[in-house]
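Here are my notes for you on this one. Keep the viewer open and click along as you read.

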Amino acid sequence: MSITLQSTVSFSPEFMRELPTLEKAMIEHGLEPSKFVISKDSATPSTRFVGGTFFFDYTVFVGGQHFTLTEPNDMVFLEYFLKLCTAEDGVRPLLKLRRGRPGLFRRFLRWMAKPV
C-alpha cells in the first residue's frame, strides 16, 4: 500500500510522479509507507499574497504522532521528507516513534509545541 494523501489544496503533478520513488526509498530504509498520511493545506493567512498562497503546511502523520513543515511547494517538501526518510539510523528515530523513553522526535515535538 502507498502513502495516504489528504489535502485542501491539490498536490502538483510532479509530486504525484515522484511519490512512488519516495515510497520505494522508504521501504528500502525499513519504513512502511502505508502507515504514513501526508496532509497539505494552505499556510496561515499571513503567508498569503494577492496571487494566492505563497506557502503550504505539510503535516505528516505516523504512529499516532505528527509534525508539520511549512514549505513553498510540493517538491521542496518532498526533497526534505525524502532526506529525512533515508537519513542514517542515528537521525531517523524521529520516524520510528518507539514507545517508552521519549526519542528525538517526541522531544522535538514537545519543543515545537511550546508557545513562542
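Predicted model: local features only at pLDDT ≥ 70, side-chain atom pairs only at ≥ 80, totals over all residues.

**Notes on the sheet, the helix and the rings**

1. Let's start with a lysine and a ring: Lys 40 lies over the face of Phe 11, at 5.6 Å from the ring centre.

2. Strands of a sheet pair through backbone hydrogen bonds, either parallel or antiparallel. Here you have an open sheet of four strands in the order 1-2-5-6, and the pairing is mixed. At the edges are strand 1 (4–7) and strand 6 (65–71), each of which pairs on one side only. From one strand to the next, the twist averages 20 degrees.

3. Zoom in on strand 5 (residues 56–62). It runs antiparallel to strand 6, and seven bridges join the two. Strand 2 and strand 5 are also antiparallel, again with seven bridges. Six of the seven residues of strand 5 are buried, so the rest of the structure largely encloses this strand.

4. Tyr 58 is a handy landmark. Opposite Tyr 58 of strand 5 stands Lys 40, while in strand 6 the bridge partner of Tyr 58 is Leu 69. Further along, Val 62 has Gln 65 of strand 6 as its bridge partner. The hairpin of strand 5 and strand 6 has two residues between the strands, and Gly 63 there takes a positive phi near 55 degrees.

5. What lies across strand 2, strand 5 and strand 6? That's helix 2 (residues 74–85), which runs at about 135 degrees to strand 6.

6. Now the aromatic rings, which form four pairs by the rule used here. Phe 36 and Phe 81 are edge-to-face, 6.1 Å centre to centre with 70 degrees between the planes. Phe 36 belongs to strand 2 and Phe 81 to helix 2, so this pair ties together parts that are 45 residues apart in sequence. Both Phe 36 and Phe 81 are buried.

7. Tyr 58 comes back here: with Phe 77 it makes a stacked pair, 4.4 Å centre to centre and 5 degrees between the planes. Tyr 58 is in strand 5 and Phe 77 in helix 2, 19 residues apart. Tyr 58 and Phe 77 are both buried. To see the whole group, select Phe 36, Tyr 58, Phe 77 and Phe 81, which ring pairs link into a cluster.

Key: Residues numbered from 1 in each chain as written. Heavy atoms only, no water. Pairing = 2+ DSSP bridges. Axes fitted to C-alpha atoms, helices over the stretch in contact; angles between N-to-C directions. Contact = heavy atoms within 4.5 Å. Buried < 20%, exposed > 50% of the residue type's maximum accessible area, 1.4 Å probe, protein only. Phe/Tyr/Trp six-rings, centres within 6.5 Å; stacked < 30°, edge-to-face > 60°. Lys NZ or Arg CZ within 6 Å of the ring centre and 35° of its normal.
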